[in-house]
Amino acid sequence: MLIQVRKAGLTRMMLLADAACRLGPRALALYGWHRTLRLIGLPQRRLRNGAGLPALSGFLELAPLSPAPALPAAARERVRMALAALPPAVWHGPFAPGAPALGLDLFRPGDVRPVWEPNRLAWLPLLVQAARLWPEEGHLAVAEARLAAWCDANPPFQGPNWACGQEAALRVLHLALALLLAGQERNPPEAARAFLEVHARRIAATGAYALAQDNNHSISEPAGLLACGWLLGDAALAGRAAAALTAALRRLVAPDGGFAQVSTGYHRLLLDTLSVVEALRRRLGRPALPAPFAARAAAAAQWLARLVAPDGALPALGHQDGSAFADLALGGQADARGSAERAMRLFAEASAGFAGEPGCLWLELPEFPPLPSPAAWIASGTRGWEAAGARALLRTGPLRFRPGQADLLHLDLWDGARPVLADAGTGAYNPPAADRWWLDYFPAARAHNTILFDEREPMPRLSRFLLARWPRLASRVEGAALRDAHGNRHARRVTPEGRAWTITDEVAGPFRILALRWRLGPGAWRLRADGVEGPARLCLKGDAPLRLSLEEGWESPAYGVVRPCQVLVARADAPVSCIVTRVLLP
């Protein structure tokens, strides 16, 4: 037993060393610096004096606002529905509201993610929208009362809502958006200024942590500081934040629009964050941010626009946390049309194909013609195809940044707004004890449309967001290829031909058995001798006998929601070297 424990400890140390090498010296140095600062108590000392919100009223001037834009009836009704479903102004979930924020355990009490979402204050711009639509109903007074209650229940730097610099930054951006909609961005009231000042302190206190993440934190936090600098008239703060935001975009968004955090949900959050910054910049008349800010933002906008379904749905590639940030159209997490259209107009001077989008009407953004959709495209971390109303998304490399899930060579295929082959989603980051299996299931290769060799996961999981032994990836004509740490090789090629799609998987290596999984979209699917039939027809053949089965799997259509789904599994023994899947769309 002692030998086994020592062996397990040694294995974990080797995996940690492997992951450290792949993360690189920059991320390790920044995280080490962050931990050192925490150990000596510097961030805690910076946040020791929580005074900073002396006024608990007057966040918005109660003067008459300009009339609302001419909205479609459906958009006005969505505002009414959102007003009827306002979340509580004060909520801490299972977390202690009076404990020092930087010392809070954010995992043991429960999942902090559902606590953070309503505390981003998305209801603040919503109430300004309502005040402009129906000025006689007193919605600005409601916004004032709710914000005062929030400040009273969340003293600076105490409780879960001050534990994360990014959450503070997103609150700042929602306040900035509310001020912009109210026409008060040039001279914010004193209470709003105090709110911004204390939030700027919180964001700045843990800047090394944000930089070390190489993900959405590295974008959102300087964006929040930039908004603080502009709204407070602090040129030095704005200058530092603009430089940090531009540097983060240069590092994390490739010229082809691929984002370091390969996730449709976090890519959307990236664009929503940048869009608020750009809308505020234009309204204040500030100079454009340095290159390559505009070019990278435009490329990122085009990446997302290619993937949005006619009803706003997105493939669930990568981690999904259910964010719907700066959602002026009130479409929610399931509808990304507003995010794509707004970003395309702001950064690409083009349309994502959603003319008359309500959020763009609120921001008075001009209409533009849509860009032509390419038949095939390549970006860092993904590549895609579009043909005859269907589109496919393939997860590829290079792996310059840590992958969140074992989803390499996963393929999503959508026919219009209907997923035919789909990702499983996320589940939750910290589910209840009875659902802890989500943490192992949803990020795993077996929860994706790819091949698993010997039922052995290719990347051992070291923590919720860190994997070791990243496979080597290479680009291929019409696809990509990988080699895992065990020497197994997998090359995938995708070929669209009208309403027929061919996926060719070629394999080699020391494996004994493989399993190819196709996670099927909603609908009634029936197993056939050579595949399945339902909303589409899947036909499989290989150069070795295939054992086909239609099995129950799980999918997560929204954060914290899990339901059964159907999975077509094709198993084959070595020396199988090729499996061809034909997808015939109706």
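A residue is called buried when its relative accessible area is under 20%, exposed when that area is over 50%, and partly exposed in between, with a 1.4 Å probe and protein chains only. By that definition P403, at a relative accessible area of 1%, is buried. The structure discussed here is a predicted model, in which local features need pLDDT of at least 70, side-chain atom pairs count only at pLDDT 80 or more, and totals for chains, interfaces and linings use all residues. Residues are numbered from 1 along each chain as its sequence is written, and side-chain values use heavy atoms, with hydrogens and water left out.

The protein is divided into domain 1 (1–45), domain 2 (65–363) and domain 3 (376–584); these bounds come from an automatic or database domain assignment. The centres of domain 1 and domain 3, taken over C-alpha atoms, lie 31 Å apart. To the contact between them, domain 1 contributes 7 residues and domain 3 contributes 8 residues, where contact means heavy atoms within 4.5 Å. On the side of domain 1 that touches domain 3, 4 residues are nonpolar, none is polar and 3 are charged. In this classification Ala, Val, Leu, Ile, Met, Phe, Trp, Tyr, Cys and Pro count as nonpolar, Asp, Glu, Lys and Arg as charged, and the others, Gly among them, as polar.

About 750 Å² is buried between domain 1 and domain 3, and carbon and sulfur atoms give 69% of this area. Buried area is the accessible area (1.4 Å probe) that two parts lose on being put together, summed over both. Of the area that domain 1 buries against domain 3, L15, R22 and L23 supply 62%, more than any other three residues. The interface of domain 1 and domain 3 holds 0 salt bridges, a salt bridge being a side-chain nitrogen of Lys or Arg within 4 Å of a carboxyl oxygen of Asp or Glu.

Attention now turns to secondary structure. Helices (H or I, at least four residues) and strands (E, at least two) are DSSP runs, numbered from the N terminus. Helix 6 (residues 123–133) is largely enclosed by the rest of the structure, because 11 of its 11 residues are buried. Those buried residues pack against helix 4 (73–84), helix 7 (139–153), helix 8 (165–182) and helix 16 (358–362).

Helix 7 contains H139, which counts as buried at 10% relative accessibility. The side chains of H139 and E137 are joined by a polar contact of 2.7 Å. Beyond four places in sequence, H139 touches R80, L83, L127, A130, A131 and W134.

A further histidine, H199, lies in helix 9 (residues 190–205) and is buried, with a relative accessible area of 0%. The H199 side chain reaches the backbone oxygen of F195 at 2.8 Å.

P403 itself is located in the loop between strand 3 (390–395) and strand 4 (411–415). Leaving aside residues up to four places away in sequence, P403 touches R395, M459, L467 and W470.

Technical notes: Polar contact = N/O pair within 3.5 Å; in protein donor to acceptor, adjacent residues only side chain to side chain.
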